[in-house]
Amino acid sequence: MSALDEPLKILFAGNTAKVLADGLGLHTNGDLLHHYPRRYAERGELTSLDELELDEHVTVMARIEKSEVIPFRGRKGNRLEVVVTDGRGRLKLTFFNQAHRVHELRPGRQGLFAGKVGVFNRVRQLANPDYQLMDEDSAGLAEEFAGRLIPVYPAVATMPSWKISKAVDTLLGSRVLEDVPDPLPEALRLERDLLPLRDALERIHRPRTHADRIQAQERLKWDEAFVLQVALARRRAADSAQPAVARVPSTGGLLDAFDARLPFELTEGQQTVTAEIFGDLAREHPMHRLLQGEVGSGKTMVGLRAMLAVVDTGGQAAMLAPTEVLAQQHHRSIVEMMGDLAEGGMLGGSELGTKVVLLTGSMGVPARRQALLDLISGDAGIVIGTHALIEDKVQFLDLGLVVVDEQHRFGVEQRDALRAKADRPPHLLVMTATPIPRTVAMTVFGDLETSVLDQLPAGRSPIASHVVPALEKPNFLTRAWERVREEVGKGHQAYVVCPRIGDEDEKAVAKSAGDDERRPPLAVLDIAEQLSGGPLSGLRVEVLHGRMQPDAKDDVMRRFTAGEVDVLVATTVIEVGVNVPNATVMVIMDADRFGVSQLHQLRGRVGRGSAPGLCLLVSEMPGGSQARQRLDAVAGTLDGFELSRIDLEQRREGDVLGQAQSGVRSSLRVLSVLEDEDVITAAREEAVRLVGADPELTDHPALASTLRSLLDADRAAYLERG
């Protein structure tokens with residue numbers, strides 16, 4: 001065992017190792033060594049208090065402005081209220097029954113204060129925070145960091161930043177740095193003018209200047225990008241080396257019959273992407289391709305044509321959806337598009353047509369049994385389903401292609417489970433619901449080749465989007481409902497989207513809101529009732545949400561599609577896969593409660609026909625707030641790639657990579673998949689070159705050792721998307 005792998009309890013006596021493990025998930029010397037500072041403070045430089053987020057555990061540098069002991073009324077005890085400032089904003093610190101601290105927490109003193117940001121009486125505060133005074137009257141940290149930057153570490157209540165700093169000091173003073181393997185080949189390090197790894201680790205924790213910090217971060221970014229890209233390059237190489245059945249589309253088959261019935265021409269983009277996919281399918285190695293594109297660009301059509309091409313070769317195709325609602329919608333739309341071609345025929349036989357079956361977890365026993373029989377017999381060439389498709393009982397006659405919705409977060413284990421259902425690995429096509437930036441694709445989906453659809457089908461109409469400030473200008477909301485009535489009067493239909501269903505327990509809703517003093521999110525059931533008896537009275541208003549019975553949801557969607565419903569009040573169950581060309585207007589209530597990409601995806605449900613689309617984003621958030629800025633960004637552009645970058649810039653990196661990406665998240669501490677495109681691109685090129693020359697990493701033992709640490713049992717999920 002190397003010194004990096006040794007448990008912290010060997011180096012730290014007492015409770016320190018346990019608190020580091022329980023509070024921060026740091027178990028080994030290597031874990032602590034790679035627990036880098038979140039930012040750096042300088043003596044005299046105060047933290048901007050206006051930027052603090054609710055519920056975040058923060059460490060701030062601030063100056064004490066006021067201290068006051070306030071006795072409780074009618075009972076024993078007191079609270080000490082301390083107000084700290086950065087010169088502009090203020091933050092209250094509250095200590096309960098700790099009046100003695102007033103003697104050291106005097107106005108004018110400066111220090112680090114750590115705690116969870118909460119709200120009381122509309123004032124942000126830290127309750128019972130930890131603190132470390134840093135002025136000339138203080139010893140300890142003030143002397144220790146004289147003339148140096150002060151590292152501020154990601155911390156928890158039981159282990160504030162300055163205690164982590166002391167633990168890191170102990171670690172750096174041991175011999176652990178002597179045992180750190182350097183994953184970068186020496187020639188690459190010198191070519192890129194990067195620090196030796198030991199120097200970088202010293203400087204990231206104890207920089208004397210910002211130049212030290214920048215040099216250390218540049219080196220460590222390269223480590224993270226290069227090691228990850230080597231892992232992905234090896235995965236791609238292993239995948240491409242596996243045998244697969246070549247699926248060469250035949251002429252005069254099901255695909256040609258389907259194409260002959262299409263009432264429109266495929267876009268140039270669809271034709272280009274299809275050529276890439278068909279080229280992959282024709283090889284004797286499995287396809288691993290990511291298909292991403294603009295909302296409404298026709299990804300489902302491309303996926304369906306690939307499935308039909310595989311059926312023409314005698315194979316079967318499976319489409320995995322993230323939810324039962326979406327699986328049902330995909331099944332319904334594919335059956336409608338295929339018409340009588342989805343009514344049977346023998347797989348690989350002369351009669352054109354194949355069964356298209358649905359398989360979900362809530363299906364009744366008879367229907368499920370029939371679907372399983374259709375798959376193993378080959379009567380069904382196409383199956384659309386949820387995670388239920390991966391179950392042991394599901395068997396195929398000849399599975400040739402798996403099409404996966406990216407939201408499914410379909411991981412390596414699930415992929416292998418499906419591979420086991422075929423004699424040879426099936427081809428794989430992953431489709432994203434919304435566009436993602438190139439660097440995210442290279443990181444999260446780095447083991448897949450990428451195709452991009454950036455052209456909308458002919459006949460699609462532009463969508464106008466506007467923010468409706470309901471509190472500032474209530475007449476705008478009145479006008480929004482008038483616009484809905486006008487569109488219905490022209491024979492069109494409308495969506496109204498709400499963040500909540502409305503049948504939840506009110507206590508649960510209040511609890512989920514936490515310290516958020518805003519009212520609970522607007523609900524489908526409440527809004528539908530208000531609209532039916534108010535501004536939209538006389539119109540045919542129906543509701544749709546995820547807790548309805550499957551048959552009831554199907555019935556509502558069929559009637560809405562048939563034009564028998566004027567206004568559909570729904571949750572985000574309509575976000576993906578719903579295609580009703582006659583729907584021209586969407587009103588999104590509490591639009592600030594949705595993400596940017598989600599709003600863009602929802603907006604894509606209108607403007608799918610010849611009539612122009614209209615999307616109205618209703619919000620009570622004030623102008624100038626970050627929430628309103630996000631809505632203004634959505635209203636200002638229809639470019640999904642631009643909006644995806646805005647969306648991801650406003651979210652934490654861990655959210656970008658996804659909750660299931662635990663290993664990637666733990667391995668990317670300095671590298672930003674959004675900001676470090678040049679590093680990621682260069683690292684990918686270097687990784688491809690190295691793996692091509694040394695696939696087993698025989699000549700690079702330190703790199704191999706670092707990869708083994710990353711891909712051990714605890715972090716094997718780092719290439720997963722589920």
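How many bridges join strand 11 to strand 12? Five, and the two strands run parallel. Strand 12 covers residues 380–385.

Before I go on, a word on the source. This is a predicted model, where local features need pLDDT of at least 70, side-chain atom pairs count only at pLDDT 80 or more, and totals for chains, interfaces and linings use all residues. Residues are numbered from 1 along each chain as its sequence is written, and side-chain values use heavy atoms, with hydrogens and water left out.

Now the overall picture. The protein chain has 26 helices and 21 strands. Both are DSSP runs, numbered from the N terminus: helices are H or I with at least four residues, strands are E with at least two. Of the 722 residues, 55% are buried. Buried means under 20% relative accessible area, exposed means over 50%, and partly exposed is in between, with a 1.4 Å probe and protein chains only. Now take the contacts with a separation of 6 or more: residues 24 or more positions apart account for 73% of them. A contact means heavy atoms within 4.5 Å.

Back to strand 11, residues 355–359. Four of its five residues are buried, so strand 11 is largely enclosed by the rest of the structure. From strand 11 the chain crosses through helix 13, residues 365–377, to strand 12. This β-α-β crossover is right-handed. That is, with the strands pointing away from the viewer, the path from the first strand over the helix to the second runs clockwise. Leu 359 stands opposite Gly 385 in strand 12.

Seven strands form an open sheet, in the order 11-12-10-13-14-9-15, with parallel pairing. Two strands pair if DSSP finds at least two bridges between them. Which are the edge strands? Strand 11 and strand 15, residues 449–453: each pairs on one side only. From one strand to the next, the twist averages 20°. Further in the list, strand 10 (316–320) and strand 13 (399–405) pair in the parallel sense over five bridges. There, Ala 317 stands opposite Leu 401 in strand 13.

Helices lie on this sheet. Helix 10, residues 268–281, lies across strands 9, 13, 14 and 15, running at about 160° to strand 15. Helix 11, residues 299–312, packs on the sheet too, and its direction makes about 170° with that of strand 13. These angles run from 0 to 180 degrees between N-to-C directions; axes are lines fitted to C-alpha atoms, for helices over the stretch in contact.

Now the rings. Rings of Phe, Tyr and Trp (its six-membered ring) pair if their centres lie within 6.5 Å; planes under 30 degrees apart count as stacked, over 60 as edge-to-face, and the rest as tilted. The count comes to three aromatic pairs. Phe 113 and Tyr 131 make a tilted pair, 6.3 Å centre to centre with 35° between the planes. Both are buried. Ring pairs link Phe 95, Phe 113 and Tyr 131 into a cluster. Tyr 495 and Phe 560 are tilted as well: 5.1 Å and 55°. Tyr 495 lies in strand 17 and Phe 560 in helix 19, so this pair ties together parts that are 65 residues apart in sequence.

Last stop: His 35. Where is His 35 found? In the loop between helix 3 and strand 1. His 35 is buried, with a relative accessible area of 11%. Among the residues His 35 touches are Leu 24, Tyr 153 and His 205.

Technical notes: Lists of a residue's contacts leave out its neighbours within four places in sequence.
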